[in-house]
Amino acid sequence: MKFMARDAPPRVVHTLQNAGIHPLLAQLLAARGVHDPAEVEPDMSALLPPKLLLGAEQAARVLADAIARGERLCIVADYDCDGATACAVGLRGLSMLGARVGYVVPNRFTTGYGLSPAVADLVAQQPCGKPDWIVTVDNGIASVEGVARALQLGMRVLVTDHHLPGERLPDAAVIVNPNQPGCTFPSKNLAGVGVMFYVLLALRAELRTRGVFTAATQPRLDGLLDLVALGTVADVVKLDANNRLLVAHGLKRMREGRMQPGVRALFAAAAREPAQASSFDLGFALGPRINAAGRLADMTVGIECLITDDGERAMQLAQTLDTINRERRGIEAGMREQAQEALARLQGQGDAAANASISLFSPDWHEGVVGIVAGRLKELHHRPTFVFAPGADGQLRGSGRSIPGFHLRDALDLVSKREPGLLVRFGGHAAASGCTIAADGFARFAAAFEAVASAWLSPALLARKLEVDGELGAEWFTPDVAQLLQAQVWGQGFAAPVFASRVEVLQQGQLGERHMKARVRLLDAPAGASATRELIAWNRSDFLPAQARVAWRLDTNTWQGRTQTRMVLEAVEDAD
């Protein structure tokens, strides 16, 4: 691990400070490419207009026609947090705009991902009858066979998705996806829930044009922004300026107490306070509880939590999600330990330690948790990682996570071309992808994936680096500054501040079973400044060296009514 200091252009810092932005925040934002003070606390009027999103206005017209004719819509969701929030946004928003709408969510273990032919059959057999339209959310761009089956059954299809398309697009009536060919929408990083929100904005504008609503009588879609924020952060899409605007306004509503009952209940289940809601809460507390339903059980539980208006029922569903998430944690911990042992054995048998990728499989692993384990291994070893488990149909389900500079879906595309017939299906993003292979295909996949990784990844890309924001001035080591930073929107592509300091460890010891606590002295503290601080290292059992350069986050801890600042360890730089 080597630290690399971010560069904050002085002229940009000066511009931001002159606009009234806190000096430290101005430096941090400038180092992340923010040049315009308007980006810091943007108004919703700065949101990119729906007319720029290819297919949004066409989708609005067909949906407005469907509403006028009284036709029935069925949302086909995905079984992760982005898909669940997109489904909830679609159900709530379309209902507000006059649509008759229900939903179906695929089951990871039976029907597979997205609008498959099996899901099309399931939609057509709904107890309330076959709908006129299927509206996909967070899926559909790769559902060529599923869309064809839906059309055969007499249902029209509107695809809303954000995943990368394959070589062939489905024969849907309308496709709304910022990543489809020909779409010039400036923000290619919309999550699935963001795409659905844009379709609703376009539909509302179309209904205004038709005289159904006026500006005074139209439904307030900003009431859905808590769900948009949750799905956007949980899906780990890049937080460009447009996504940060959506998340910022969603968080603002949460802090003001204006949120869906299910979101409020999830905060309670996670023992988090909505008044201090942060993107960290969405990504690491609320999001995992929604995701757990799709990983181990049925995402219907998560969706129902987000769409109910009954606070008591929302709390019951949130507690169910919390219980499922605890079970997920236990399964994940066991799988992660087994994966580390398997990797150690492989590295002990030969030159696997020098490999550019990691591929692991066990017949005992749970397919709903392979993505989380892949992510943990990727973080530990800084290698593109795929983890496989057996599926109910006898095939192997794999989930991958990647490092900067290695486009995972493109790598799978190349593997599929080099090894015809190996990948039954695949899809995803640059950073996260999934695939299905035959029961006897793991060794073949591991070799082909390693060949691509070895060719694409240079030693420089394989070297672990961490961007840091330098030393934090002693005057900024305060609870007020910590709260200021926690209130900002940080996440994928817009990393939370990480500072770097040379420290001498005065004392250290275990904190609970899996954590470490230390008292350190800052070696570069200016004369007269308080140089002794508390440092917490979560999920770290090994002690620090006597002296080290550490990367850390500014945090607060409140005990018996007293709030104190502390350092939370992120990494230790390797000695030269």
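# A pocket, the overall fold and selected residues

Seventeen nonpolar, five polar and five charged residues make up the lining of the second largest pocket, where Ala, Val, Leu, Ile, Met, Phe, Trp, Tyr, Cys and Pro count as nonpolar, Asp, Glu, Lys and Arg as charged, and the others, including Gly, as polar. The model is predicted, and for that reason local features are reported only at pLDDT of at least 70 and side-chain atom pairs only at pLDDT 80 or more, whereas totals for chains, interfaces and linings use all residues. Residues are numbered from 1 along each chain as its sequence is written, and side-chain values use heavy atoms, leaving out hydrogens and water.

**The second largest pocket**

- The space in the second largest pocket amounts to about 610 Å³, a pocket being an open set of points on a 1 Å grid over the protein atoms alone where a 1.4 Å probe fits, with protein on both sides within 12 Å along at least five of seven lines.
- The lining is made up of 27 residues, and those closest to the centre of the second largest pocket are Glu39, Val40, Glu41, Pro42 and Ala248; a lining residue has an atom within 4 Å of a point.
- Helices α2 (23–30) and α9 (241–255) each supply at least two residues of this lining, and α9 gives the most to the lining, with eight residues.

**The chain as a whole**

- The protein chain contains 18 helices and 17 strands, which are DSSP runs numbered from the N terminus, with helices (H or I) of at least four residues and strands (E) of at least two.
- The radius of gyration of the protein chain is 24 Å, close to the 25 Å that the globule rule gives for 576 residues, so the chain is as compact as a globular protein of that length; the radius is taken over C-alpha atoms, and the rule is 2.2 Å times the number of residues to the power 0.38.
- Taken along the principal axes, the box filled by the C-alpha atoms of the protein chain is roughly 75 × 60 × 45 Å.
- Among the 576 residues of the protein chain, 53% count as buried, which is to say under 20% relative accessible area with a 1.4 Å probe and protein chains only, while exposed is over 50% and partly exposed lies in between.
- Of the contacts in the protein chain with a separation of 6 or more, 67% join residues 24 or more positions apart, a contact being heavy atoms within 4.5 Å.

- After α6 comes Gly154, which has a positive phi near 90°.
- Asp138 belongs to the loop between β4 and α6, and its phi is positive at about 60° although Asp138 is not a glycine.
- Most residues other than glycine have a negative phi.
- Asp138 counts as buried, at 1% relative accessibility.

**Buried residues in other elements**

- Ser279 sits in helix α11 (residues 279–296) and is buried, with a relative accessible area of 6%.
- Apart from its neighbours within four places in sequence, Ser279 is in contact with Val233, Leu251, Gln488, Val489 and Trp490.
- Ala537 is part of strand β15 (residues 532–537) and counts as buried at 1% relative accessibility.
- When residues up to four places away in sequence are not counted, Ala537 touches His515, Met516 and Leu569.
- Between Ala537 and Pro165 there are 372 residues of separation in sequence and 41 Å in space, C-alpha to C-alpha.

**Loop residues**

- Asn539 lies in the loop between β15 and β16 (547–559), where Asn539 is exposed with a relative accessible area of 55% and has a positive phi near 55°, in a residue other than glycine.
- Ala19 is placed in the loop between α1 (10–18) and α2 and is partly exposed, with a relative accessible area of 45%.
- Ala19 and Asp480, 461 residues apart in sequence, are 20 Å apart in space from C-alpha to C-alpha.
- Val236 occupies the loop between α8 (225–234) and α9 and counts as exposed at 51% relative accessibility.
- The C-alpha atoms of Val236 and Asn189 are separated by 9.8 Å, with the two residues 47 apart along the chain.

Notes:
Points joined across faces, edges and corners; volume = space filled by probe spheres on them.
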